[in-house]
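I set out to record what I looked up in this structure, one topic at a time. My entries follow the order in which I consulted the model.

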Amino acid sequence: MSRTNAAAGKASTSSGSHFELFGLAPAYAVDAGALEQSYRDLQALIHPDRYAHAGDAERRASMQLTTRVNEAYRTLRDPVQRAKHLLELHGIDVAFETDTQMPTDFLMQQLEMREELEAAVAKKDFSFLDSLKQRLAAQKASLEGLIGESIDGRKDLEGAKELVRKLMFLRKIEDEVDAAYEEIE
């Protein structure tokens with residue numbers, strides 16, 4: 001059995017769980033150290049540099065496996081993507097792109113933040129952007145905690161779906177704040 005075939009047993013290109021790939025329990029609260037170590041171990045087995053002198057099929061397999069491992073690693077490191085993956089494993093689509101309905105109070109809060117952001121850009125107010133960035137970070141951290149409780153604790157997957165959608169919305173505003181820094185520099 002070739003090295004890539006052996007590695008393929010562990011890093012299958014099938015549509016399995018990213019958690020399985022790294023030997024982790026499927027949970028929102030992921031052990032970052034264990035994820036990192038498993039990622040490094042897999043990379044040591046399948047990295048294309050190890051197959052530079054191998055046949056075409058083995059080099060292709062190595063590239064495919066490396067791509068799969070990198071994608072899974074990025075997904076599990078990112079709180080939004082990890083939550084989306086967990087929900088998808090349970091048959092729940094977050095549908096952020098197509099379902100834009102949000103609670104009115106949350107939408108009003110986001111509208112106010114966007115208005116504040118526009119005002120800060122107009123005034124070239126870096127300190128306000130810093131303040132807004134800190135508020136967003138606090139809100140995101142709070143939502144991430146609630147998502148963890150909903151998925152890992154209460155198994156309230158529909159509730160987690162709504163929280164993930166809110167977190168995605170906050171990320172979008174955070175990206176706008178980052179763009180605002182660049183715009184007024």
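**Entry 1: Helix 6**

I first listed the buried residues of helix 6, which are Phe106, Gln110, Met113, Leu117, Ala120 and Val121. They lie on the same side of helix 6, because they cover an arc of only 95° around the axis. I note here that the model is a predicted one.

I then turned to the other side of helix 6, where Thr104, Asp105, Glu118, Ala122 and Lys123 are exposed. Which elements cover the buried residues of helix 6? I found that helix 7 and helix 8 are among them.

For the length, I noted that helix 6 has 20 residues and spans 29 Å from its first C-alpha to its last, close to the 28 Å expected at 1.5 Å a residue. Lysine 124 follows helix 6, and its phi is positive, near 55°.

**Entry 2: The nonpolar core**

I looked up the largest nonpolar core and found that it has 45 residues. Those with the most contacts inside this core are Phe22, Leu129, Ile147, Ile151, Val164 and Val177. Among the elements that give two or more residues to the core are helix 4 (56–77), helix 6 (104–123) and helix 7 (126–153). Which helix gives the most to this core? I recorded helix 8, with 13 residues.

Leaving aside residues up to four places away in sequence, Phe22 touches Leu35, Ser38, Tyr39, Leu42, Val69, Ala72, Tyr73 and Leu76.

**Entry 3: Aromatic pairs**

How many aromatic pairs does the structure hold? I noted four.

I next examined phenylalanine 126 and tyrosine 181, whose ring centres are 6.2 Å apart and whose planes are at 25°, so the pair is stacked. This pair also links distant parts of the chain, with phenylalanine 126 in helix 7 and tyrosine 181 in helix 8, 55 residues apart. Phenylalanine 126 is partly exposed, at a relative accessible area of 32%, whereas tyrosine 181 counts as buried at 16% relative accessibility.

I also recorded that ring pairs link Phe22, Tyr39 and Tyr73 into a cluster.

**Entry 4: A charge over a ring**

Finally, I noted that arginine 82 lies over the face of tyrosine 28, at 4.7 Å from the ring centre.

Key. Residues are numbered from 1 along each chain as its sequence is written. This is a predicted model: local features need pLDDT of at least 70, side-chain atom pairs count only at pLDDT 80 or more; totals for chains, interfaces and linings use all residues. Side-chain values use heavy atoms; hydrogens and water are left out. A nonpolar core is a set of buried Ala, Val, Leu, Ile, Met, Phe, Trp, Tyr and Cys residues joined through side-chain atoms within 4.5 Å. Buried means under 20% relative accessible area, exposed over 50%, partly exposed in between (1.4 Å probe, protein chains only). Helices (H or I, at least four residues) and strands (E, at least two) are DSSP runs, numbered from the N terminus. Contact means heavy atoms within 4.5 Å. The expected span of a helix is 1.5 Å times one less than its number of residues. The arc is that of the directions from the helix axis to the C-beta atoms. Rings of Phe, Tyr and Trp (its six-membered ring) pair if their centres lie within 6.5 Å; planes under 30 degrees apart count as stacked, over 60 as edge-to-face and the rest as tilted. A charge sits over a ring if NZ of Lys or CZ of Arg is within 6 Å of the ring centre and within 35 degrees of the ring normal.
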